[in-house]
Amino acid sequence: MTERPHLAVVGAGPAGLAAALAAAARGVRVTLLDAAEQAGGQFYRQPAAALGARRPQALHHQWRTWVRLRDGLDRQLAAGHVRHLPDHHVWCVDRTDGAEGADGADGAGGADGTGIVQGVPAGGAFAVHALRGPLQEEGVTVRADAVLLATGGYERVLPFPGWTLSGVVTAGGAQAMLKGGLVLPGRTVVVAGTGPLLLPVACGLAAAGARVAALVESAGPRALPRHVRALAAQPGKLAEGGLYAARLLRHGVRPLARHTVMEAHGTDRLTAVTVAALDRDGGLVPGSARRIPCDTLAVGHGMLPHTDLAETLGCTLSGTDVLVDGEQRTDVPGVWAAGEATGIGGAALALAEGHIAGRSAAARLHGTPPDPRRWAGAAQARRRLREFSAVLDALYAPPAGWADRITDDTVVCRCEEVTAGQVRTSVDVLGAGDPRTVKLLTRAGMGWCQGRICGPAVAGLSGCPASPGRRPFARPVPLGVLARLPEDEPD
């Protein structure tokens, strides 16, 4: 009996789960690797079983979708079609075969005119390297015939005076504390920044008992009429936004549209924030500053895709996103990508992309061209949701001039304690013309996060276009793990 082809799926969020279930249902053996202890990703993050949450569904919307995914995963695990490896932190994916595709593509371009390479490596394999366990000191290597990257995204952090104070957290971090730990980040919270994530964060904190002193959103309603058609195409999303607005009103949360945080105040920890109104050009409105007492600031300015593993494999990026074709294939044979890694768009879009990617990978691994008609519904949803997410990107762009308002003594790179003044000096005095030169002159981005957190801020301050950084590893790796490679996970 011929052994089932093997697909490694990196990431167990909405995209990874949808892909794993679609592939497993079509005769593919799937290994699902994820850094978290439970499947679901950030969107479906669950409290630890030991916490004894009585109504975890109260922390979520789209709970029925999560139950369907969870039950489907349990069935595939019981049948032996999927192997779930939680607490596995993937740091690199290697190709261990030649570059020739199963249907003759040689890597020069796609037969469908998209520039995406067809097929999967002929008899080839990928080595997925991970660190196992909470200490991330034990190396594991999983070999597979193909890889599907569902690595998600991370929050864009834009600094401001006082942002390093204790009590200042990201919006997603506050949500993770509530969903995963059933704890509030503070008692009196200001939620600020820009983007659709702020609404569920503010609602969740208020419902859990925090006093949300203000919801500070730098975007405003004036741009909405220009996008009515695209917004109207997603009535479910509009209804969801209206539901959040009603909940905020019920909890007495004060929304401040076209406002931004100027400064966070405190000595050892946060005690207040100063916010101000923005004019049409993104400048501060004179005399509009106000001080809001609080012990927590949950701030976020949108999301960015996690593309480290894709870049290491040599996948082409389109801007900040992994470039894929209609089947969610990258231009590296045998590598698919889905979800936030291909462009920030939310859980519903990630589910559609994951389903398409899983079905495509299953067909290609079996050596047959897939029939796109089989996923026509998911493709239609993907198109509409992509259009909707493009509108949100335009509506919720960070306010113009944010970099000019950062004082020279504000720390920008927390790992290496590099200030905004040092970044500006590297450009204005030392002549740096790109982020890499700024990094070499200031050490900004050389710390533990390798520029993932400070990268957007450094690019904005320096006036240099942001560029992807090719890193050999997606996370720090102990030297002992490197010395012991390869150490294969048993199949």
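Mentor: We will take the labels one by one and set each against its definition.

Mentor: This is a predicted model, where local features need pLDDT of at least 70, side-chain atom pairs count only at pLDDT 80 or more, and totals for chains, interfaces and linings use all residues. Residues are numbered from 1 along each chain as its sequence is written, and side-chain values use heavy atoms, with hydrogens and water left out.

Trainee: How many helices and strands does the chain have?

Mentor: The chain has 13 helices and 22 strands. Helices are DSSP runs of H or I with at least four residues, strands are runs of E with at least two, and both are numbered from the N terminus.

Trainee: What makes the radius of gyration agree with a compact globule?

Mentor: The radius of gyration is taken over C-alpha atoms, and the globule rule is 2.2 Å times the number of residues to the power 0.38. With 491 residues, the rule gives a value near 23 Å; the chain has 23 Å, so the two agree. The C-alpha trace spans about 75 × 55 × 45 Å along its principal axes.

Trainee: Why is α1 called roughly parallel to α8?

Mentor: Axes are lines fitted to C-alpha atoms, for helices over the stretch in contact, and angles run from 0 to 180 degrees between N-to-C directions. Angles under 35 degrees count as roughly parallel, over 145 as roughly antiparallel, 65 to 115 as roughly perpendicular and the rest as oblique. Helix α1 (residues 14-24) and helix α8 (residues 347-365) cross at roughly 30°, their axes coming within 7 Å. That makes α1 roughly parallel to α8.

Trainee: Which hand does the crossing of α1 and α8 have?

Mentor: The crossing of α1 and α8 is right-handed. A crossing is left-handed if the near helix is turned anticlockwise from the far one by less than a right angle, and right-handed if clockwise.

Trainee: Which residues of α1 and α8 meet?

Mentor: Contact means heavy atoms within 4.5 Å. From α1 the residues include Ala 15, Ala 18 and Ala 22; among those they meet in α8 are Leu 351, Gly 354 and Arg 359. This contact has 10 nonpolar, 3 polar and 1 charged residues. Ala, Val, Leu, Ile, Met, Phe, Trp, Tyr, Cys and Pro count as nonpolar, Asp, Glu, Lys and Arg as charged, and the others, Gly among them, as polar.

Trainee: At what angle do α8 and α9 pack?

Mentor: α8 and helix α9 (residues 376-395) pack at an angle of about 140°, with their axes 9 Å apart. Their crossing is left-handed. Among the residues in contact are Leu 349 and Glu 353 in α8, and Arg 382 and Leu 385 in α9. The contact divides into 7 nonpolar, 1 polar and 3 charged residues.

Trainee: What makes α10 oblique to α12?

Mentor: The axes of α10 (residues 420-428) and α12 (residues 455-462) come within 9 Å and cross at roughly 50°. That makes α10 oblique to α12. The crossing is right-handed. Val 423 and Val 427 are among the α10 residues here, and Val 458 and Leu 461 are among those in α12.

Trainee: Why are β9 and β12 called edge strands?

Mentor: Two strands pair if DSSP finds at least two bridges between them. An open sheet of 5 strands runs β9-β16-β10-β11-β12, with parallel pairing. β9 (168-170) and β12 (255-257) each have a single partner strand, so one side of each lacks a neighbour in the sheet.

Trainee: How do you know that β11 and β12 pair?

Mentor: There are 3 bridges between β11 (residues 211-217) and β12, which run parallel. In one of them, Val 216 has Leu 256 of β12 as its bridge partner.

Trainee: What is the strand order in the sheet with β1?

Mentor: That open sheet also has 5 strands, in the order β3-β2-β1-β7-β20, with parallel pairing. β3 (82-85) and β20 (335-337) are its edge strands, each pairing on one side only. β2 (residues 29-33) pairs with β3 over 4 bridges. Thr 31 stands opposite Arg 83 in β3. α1 packs on the sheet, and its direction makes about 165° with that of β2. α8 lies across β1, β7 and β20.

Trainee: In which sense do β13 and β14 pair?

Mentor: β13 (residues 259-266) and β14 (residues 270-277) pair in the antiparallel sense over 7 bridges. They form a hairpin with 3 residues between them. Gly 266 has Leu 270 in β14 as its bridge partner.
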